[in-house]
Structure formats: structure tokens, C-alpha cells
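Subject: Handing over a structure

Dear colleague,

I am passing a structure on to you, with the sequence alongside.

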Amino acid sequence: FFPLQSQLSQALNGLSDRAKEAKEFLVQLRNMVQQIQENSVEFEACLVAQCDALIDALNRRKAQLLSRVNKEHEHKLKVVRDQISHCTVKLRQTTGLMEYCLEVIKENDPSGFLQISDALIRRVHLTEDQWGKGTLTPRMTTDFDLNLDNAPLLQSIHQLDFVQMKVSSPVPAPPILQLEECCTHNNSATLSWKQPPLSTVQVEGYILELDDGNGGQFREVYVGKETMCTVDGLHFNSTYSARVKAFNKSGVSPYSKTLVLQTSEDTQSEEQTLPFPVPLERSQLRRMSPFSSTLNLQPSFSGRSYFELRSSAHQLSLHSSLQSLNSAVAWFSFDPSSAHADIIFSNDNLTVTCNSYDDRVVLGKTGFSKGLHYWELSIDRYDNHPDPAFGVARIDVLKDAMLGKDDKAWAMYVDNNRSWFMHNNSHTNRTEGGITKGATVGVLLDLTRRTLTFSINEDQQGPVAFENLEGLFFPAVSLNRNVQV
């Protein structure tokens with residue numbers, strides 16, 4: 001009896017392991033569904049961009065060829081008009097001579113006629129000679145001797161196709177946090193990680209995440225190829241949880257084990273290590289925590305700061321106040337965890353669209369409660385019909401309605417002709433001027449003056465949109481499937 005129990009128990013253990021593996025495999029397959037959707041949107045956007053580039057190049061070449069046709073057209077007209085002018089002058093001279101000769105022939109005085117007849121005869125012959133061969137022949141043909149050779153291009157267009165995709169490699173294994181090189185100092189934390197020793201899968205980069213120091217949700221604080229990162233600007237006397245994952249073209253690895261870090265009680269506290277300090281030569285890469293209100297972030301993504309904008313009249317005072325700050329660029333991406341389920345993310349969560357015809361809301365990952373903040377959104381796709389909305393919102397804003405429909409969002413919604421400001425479903429300040437594909441919408445959140453201002457293509461759109469703003473605000477957008485930003 002007991003040996004059979006042991007045998008059954010061992011068999012159940014094996015079956016339990018298979019069931020656990022099956023559950024993990026199902027999670028992986030569900031993740032693949034999401035990844036396929038994201039990759040499809042990103043690939044479609046890339047294909048559209050490539051075809052648009054070919055169309056732009058063809059349009060530029062068309063303009064050049066039309067310019068050549070116009071030059072040929074002007075040349076032909078000039079030659080013909082010059083010949084018309086020359087022939088008209090000669091015809092007028094010939095007609096005048098003929099009329100004069102006819103009057104002379106009518107003269108009844110023989111002596112007078114004899115005096116001028118020889119000269120007139122010579123002049124008539126000379127004038128007739130001037131109408132010699134070729135004078136009455138057009139110097140220019142009406143045909144355009146140009147023949148567009150479009151056969152090679154048409155053949156290339158017909159041959160335009162996808163190349164065979166390379167075989168996908170597996171996703172990376174979870175990174176390993178190197179505890180001996182992780183440490184905290186004052187309100188900074190340095191973390192180090194590596195790939196498992198036996199892993200042969202290529203890794204393109206890593207994503208480091210921290211919670212908010214209060215048991216809240218994780219957010220990305222670093223994305224890149226380095227295996228060490230120092231996060232500045234954390235809260236003192238707080239406990240943070242950190243984790244990291246790796247990624248390549250095939251997908252994202254599972255998370256590493258979570259590491260708990262304790263920051264110092266005040267700025268005079270000694271360094272805390274686990275258990276050794278980080279070598280100085282490896283602590284150069286620093287990334288600002290998105291939860292701090294200070295401005296000393298070094299960017300990990302390419303982009304532009306406010307200082308690249310034109311200094312028009314409404315921006316001069318702001319430009320001066322910005323220069324007085326220890327400013328830098330605080331980068332954020334869209335937040336999948338808080339967005340409506342219909343929102344589709346791509347381009348490392350820097351690009352969003354939607355699979356619904358109804359308006360859906362997506363927030364940025366970083367919230368702002370102090371300071372001066374400006375960001376821009378590019379309109380990648382727009383068909384002139386929807387009304388996307390841009391602005392700021394509370395974290396608990398409605399996600400299934402246009403931004404500004406409730407009292408937790410402050411927004412500008414805009415079509416291809418005009419815009420309105422909206423908060424708590426109240427529409428104000430209709431302003432002429434809309435958006436098209438390729439337009440740039442700017443959002444200026446000044447929490448020192450407690451104002452929100454919008455711009456389109458770097459020109460302020462309407463007056464100051466909202467005043468007396470106070471609290472924590474997240475960048476926000478609402479859009480439907482006809483818009484991509």
C-alpha cells in the first residue's frame with residue numbers, strides 16, 4: 001500500500017511540473033498575442049512611412065521634370081514670338097513701300113517719275129530679296145521632343161516586395177541582479193545586473209523598473225544596453241523595489257528577482273552597501289527617477305527640449321525663467337498599465353493608436369506636481385475627421401471618453417480647422433487653426449504659475465487654456481483608430 005502511495009505521489013509531482021510549465025507557456029502565448037499586435041502596428045507604420053518616402057521622392061522628381069517641360073515651353077514661345085515680331089516689322093515696311101510705289105505710278109509728271117524710278121526699283125528688289133528663302137519658315141516646331149522613360153521605374157514598382165524575414169531568435173533569459181554591486185547612497189540607488197552565465201541568446205537591451213517607494217506600481221527608469229544604472233532623486237528614508245528584464249527583436253524576458261533597497265534617512269547618512277560599494281569607473285550611467293520633482297535628468301531617448309522652440313512674444317518671459325533653472329529633459333513614454341484596453345502601443349511605448357472608433361484615453365508614465373514642463377506630440381496619422389484631444393489628467397480619469405469629458409482632465413481637442421478647450425465637459429475658446437498629418441502639438445504645464453497652454457506647430461493656440469491648476473498631473477491623450485501620435 002505505502003509503495004503504491006509513494007509511486008503515485010512521485011507521478012503526481014511530475015504531472016504537477018508539467019501543469020506548471022503549461023501555465024507558464026499559456027502566459028507566454030498570451031504575451032505573444034499582445035506582441036504580435038504591437039509589432040503589426042509598428043510594421044504597418046514603418047511600411048507606410050517607406051511608401052510615403054518613395055511617393056515623396058517621385059513627387060520631387062515629377063516637379064523637376066515638369067520644370068524642364070516648362071523651360072522648353074518658354075523657349076519655344078520666345079522663339080515664335082520673336083519671329084512674329086520680326087516678320088510683323090518687315091511686313092509693315094513692305095506694305096508701306098508698296099503703297100508708296102503705287103502712288104508714284106499714278107504720278108502724271110514724267111520728269112518727276114524718271115528722277116525716282118531707278119531708286120524705287122532698286123529698293124523694291126532689295127526688299128523682295130530680304131523675303132528670301134527661310135524667312136517665311138517657322139524657326140520652331142510645336143512638338144515637344146521629350147519622351148519620358150518610365151519603364152524601369154514601373155518595373156521596379158511591380159517588383160517591390162518584402163524580403164524574407166530572418167528566423168526569429170528566442171527571447172532572452174531573465175537577468176540576474178548582482179547583489180555585491182548594488183548599493184544605496186543618500187537618496188540614490190545603484191543597481192547592476194548580468195545575463196545568466198550559460199545564456200547564448202542575443203540581448204539588445206535592458207529595462208530597469210522601480211516602484212514609487214510606497215508599494216505602488218512599477219515604472220521604467222532606464223532603457224538601454226548598459227548593465228549598471230544609478231537612479232538619483234529618490235525619496236529619503238523610503239523602501240524601493242527594483243527589477244530588470246532583457247529584450248531583443250523576438251520579445252521581452254521575464255523579470256529578474258525583485259530587489260528591495262532602503263534609502264538613507266537624511267543627506268548626512270553613510271553609504272549602505274549590499275555588501276560592497278560600486279566601483280567608481282562603473283557608476284557613470286545615471287538616470288533620474290521619474291517620481292522626483294527636481295530637474296536633473298539625463299535623457300535616454302532622443303528628442304528636443306523647449307529651448308529649441310522659436311522665441312515668439314508669448315514665450316520670451318518663459319524662456320528667461322527656464323534659463324534660470326538647473327534644467328534638463330525629463331523623458332517619459334505612454335503607460336500601457338493605466339491605458340484603456342483598446343489603445344495599441346508601439347515604438348517602445350512612444351507611439352499610440354487605437355483599435356476602436358470611439359475615443360480612448362492613454363496617459364504618460366510620469367506625473368508632475370511641481371515645476372515647468374513642456375512636451376510635444378507628433379501626428380503620424382490623421383484623416384481630417386476625428387477630434388483627438390491633448391492635455392493633462394489625474395490618474396483616475398475616464399478612459400473610455402474624450403479627454404476633458406470629466407472633471408479629472410484638462411484638454412484641447414482639435415480637428416483640421418479649429419480647436420476648443422474642454423474640462424468637465426465644458427467647451428471654451430474656439431480657435432481657428434487645426435492639425436494635419438505631420439503636425440506637432442505642444443503642451444506647456446507651468447505648475448509654478450499653475451497654468452496650462454497649448455501650441456500647434458510651435459505657435460500658441462488660443463489664450464492660456466486653464467489656470468489655478470494644483471495637484472499631480474499626467475500627460476494625456478485621447479484618440480481613435482483614425483489617429484496615431
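This is a predicted model: local features need pLDDT of at least 70, side-chain atom pairs count only at pLDDT 80 or more; totals for chains, interfaces and linings use all residues.

Residues are numbered from 1 along each chain as its sequence is written, and side-chain values use heavy atoms, with hydrogens and water left out.

Helices (H or I, at least four residues) and strands (E, at least two) are DSSP runs, numbered from the N terminus. Helix H2 covers residues 110-130, and because its 21 residues at 1.5 Å a residue should span 30 Å, the 30 Å between its end C-alpha atoms agrees with expectation; the expected span is 1.5 Å times one less than the number of residues. Ser117, Leu120 and Thr127 of H2 are buried, where buried means under 20% relative accessible area, exposed over 50%, and partly exposed in between, with a 1.4 Å probe and protein chains only.

Turning to the strands, five of the five residues of E17 (residues 389-393) are buried, so this strand is largely enclosed by the rest of the structure. Ala389, Gly391 and Ala393 lie on one side of E17, with Phe390 and Val392 on the other. E17 pairs in the antiparallel sense over five bridges with E18 (residues 409-414), and it pairs in the antiparallel sense over five bridges with E24; two strands pair if DSSP finds at least two bridges between them. Valine 392 stands opposite tryptophan 410 in E18, and its bridge partner in E24 is proline 475.

E24 (residues 474-479) also pairs with E14, in the antiparallel sense and over four bridges, with valine 362 opposite valine 477. In E14 (residues 360-363), Arg360 and Val362 point one way and Val361 and Leu363 the other, and all are buried.

Finally, threonine 263, in the loop between E9 (259-262) and E10 (272-273), counts as buried because its relative accessibility is 3%. A polar atom of its side chain lies 2.7 Å from the backbone oxygen of histidine 235, and the side chain of threonine 263 reaches the backbone nitrogen of asparagine 237 at 3.1 Å.

With best wishes

Definitions and conventions:
A polar contact is a pair of N or O atoms within 3.5 Å; within protein, one must be able to donate a hydrogen and the other to accept it, and residues adjacent in sequence count only if both atoms are side-chain atoms.
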